Amino acid sequence: MYKVFLVEDEIIIREAIRDNIDWGSHGFIFAGEAPDGELAVPLIEDIKPDILITDIKMPFVNGLELSRIVKKSMPWIKIIILSGHDEFEYTKEAISINVNEYLLKPISSSDLLNALKKVVTQIEYEKNQRENYQVINSRLKDSMQMMKEKFLNDLATGVVPYTEALEKAEYFGLNIISRYYAVILIALENNQCQAEERDYFEYLKAESIINEVVENNDDVLKFKVNLKKIVLI
């Protein structure tokens, strides 16, 4: 369900829009209303709607000024402008503010619903893009971590030539140059009396403690040899 907020100074039009649409059956929640932009701003900040429907000509703060304020502080909100003026300057300014839909009065319920559905399509598209980005970003991080772990394993076993080691360390953002090195091998012993699930839980607890130490010490490198052996350099 998407929250809709309405700003319209003409009470007859505002009530007609509010009362003549079955919001719930179309996947919307009518979240609030205001008679002008000045009164709308604090309500919008509190309610945080998904979609703002606003008249363009209102006292105090008009629809374009309101849209500019909303887009600056809450850029995710989609905006539908209602206007009785088919003027190029209004349209041009609305485009510059990144208004999503521009409807000319008089409008019918079907006109407004069509505009709302277009906006929902944009919201869903952007949501899918964000989710795809997060999945890709997560996979890249996992891949980078695996590559870094392999590099540190190879480095510790001496199979990486010196020059290549320096280049790869720089690529991974690691500082491996030092006058001396202290190496710690941490092995979590398997307690045969414990269930396998609990044993793994204990390993995760131990690794979490080790990670805290590493995160607070920039000169410590960590990698896993296998599931239950961790190396600190």
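**Ground rules**

Residue numbers start from 1 along each chain as its sequence is written, and side-chain values rest on heavy atoms, with hydrogens and water left out. As the model is predicted, local features need pLDDT of at least 70 and side-chain atom pairs count only at pLDDT 80 or more, while totals for chains, interfaces and linings use all residues.

**Entry 1: the parallel sheet**

I started with the open sheet of five strands, whose pairing is parallel and whose order is β2-β1-β3-β4-β5. Strands and helices here are DSSP runs numbered from the N terminus (E, at least two residues, for strands; H or I, at least four, for helices). Two strands pair if DSSP finds at least two bridges between them. I noted β2 (28-34) and β5 (101-104) as the edge strands, each pairing on one side only. Neighbouring strands are turned by 20° against each other on average, direction ignored. For such angles, axes are lines fitted to C-alpha atoms (for helices over the stretch in contact), and values run from 0 to 180 degrees between N-to-C directions.

Next I went through the bridges. β1 and β2 run parallel and are joined by six bridges; Leu 6 has Glu 33 as its bridge partner in β2. Five bridges join β3 (residues 51-55) to β4 (residues 78-83), also a parallel pair, and there Asp 55 is partnered by Leu 82 in β4.

Then the helices. α2 (residues 37-47) packs on this sheet and touches β1 (2-7), β2 and β3, its direction making about 165° with that of β1. Touching means contact, that is, heavy atoms within 4.5 Å. I found α3 (residues 63-73) lying across β1, β3 and β4, at about 175° to β4.

How much of β1 is buried? Five of its six residues are, so the strand is largely enclosed by the rest of the structure. My cut-offs are under 20% relative accessible area for buried, over 50% for exposed, and partly exposed in between (1.4 Å probe, protein chains only).

**Entry 2: Lys 78**

I looked up Lys 78, which is found in β4. Is this lysine buried or exposed? Lys 78 is buried, at 5% relative accessible area. Leaving aside neighbours within four places in sequence, its contacts include Asp 50, Lys 71, Asn 100 and Glu 126, along with Ile 51, Leu 52, Val 119 and Ile 123.

**Entry 3: the antiparallel sheet**

The other sheet I checked is open, with three strands in the order β6-β8-β7 and antiparallel pairing. Its edge strands are β6 (184-187) and β7 (222-226), each pairing on one side only. The twist averages 25° from one strand to the next. Four bridges join β7 to β8 (residues 229-232), and Lys 222 has Leu 232 as its bridge partner in β8.

**Entry 4: pockets**

A pocket here is an open set of points on a 1 Å grid over the protein atoms alone, where a 1.4 Å probe fits, with protein on both sides within 12 Å along at least five of seven lines; lining residues have an atom within 4 Å of a point. Grid points are joined across faces, edges and corners, and a volume is the space filled by probe spheres set on the points.

The largest pocket has a volume of about 300 Å³. Of its 14 lining residues, Tyr 180, Tyr 181, Asp 219, Val 220 and Ile 233 are the closest to its centre. I followed up Asp 219: it sits in the loop between α7 (196-215) and β7 and is exposed, at 64% relative accessible area.

The second largest pocket holds about 260 Å³. Of the 13 residues lining it, Leu 155, Ala 156, Ile 176, Tyr 181 and Ile 233 lie nearest its centre. α5 (109-157) and α6 (162-172) each give two or more residues to this lining, and α6 has the largest share, with three.

Most residues other than glycine have a negative phi, and most peptide bonds are trans. Where is the cis bond that I noted? It runs from Lys 105 to Pro 106, with omega near -5°, and Pro 106 lies in the loop between β5 and α5.

Phe 60 is not a glycine, yet its phi is positive, about 70°. I placed Phe 60 in the loop between β3 and α3, where it counts as exposed at 65% relative accessibility. Asn 98 also has a positive phi, about 75°; this residue is in the loop between α4 (88-96) and β5 and is partly exposed, at 48%.
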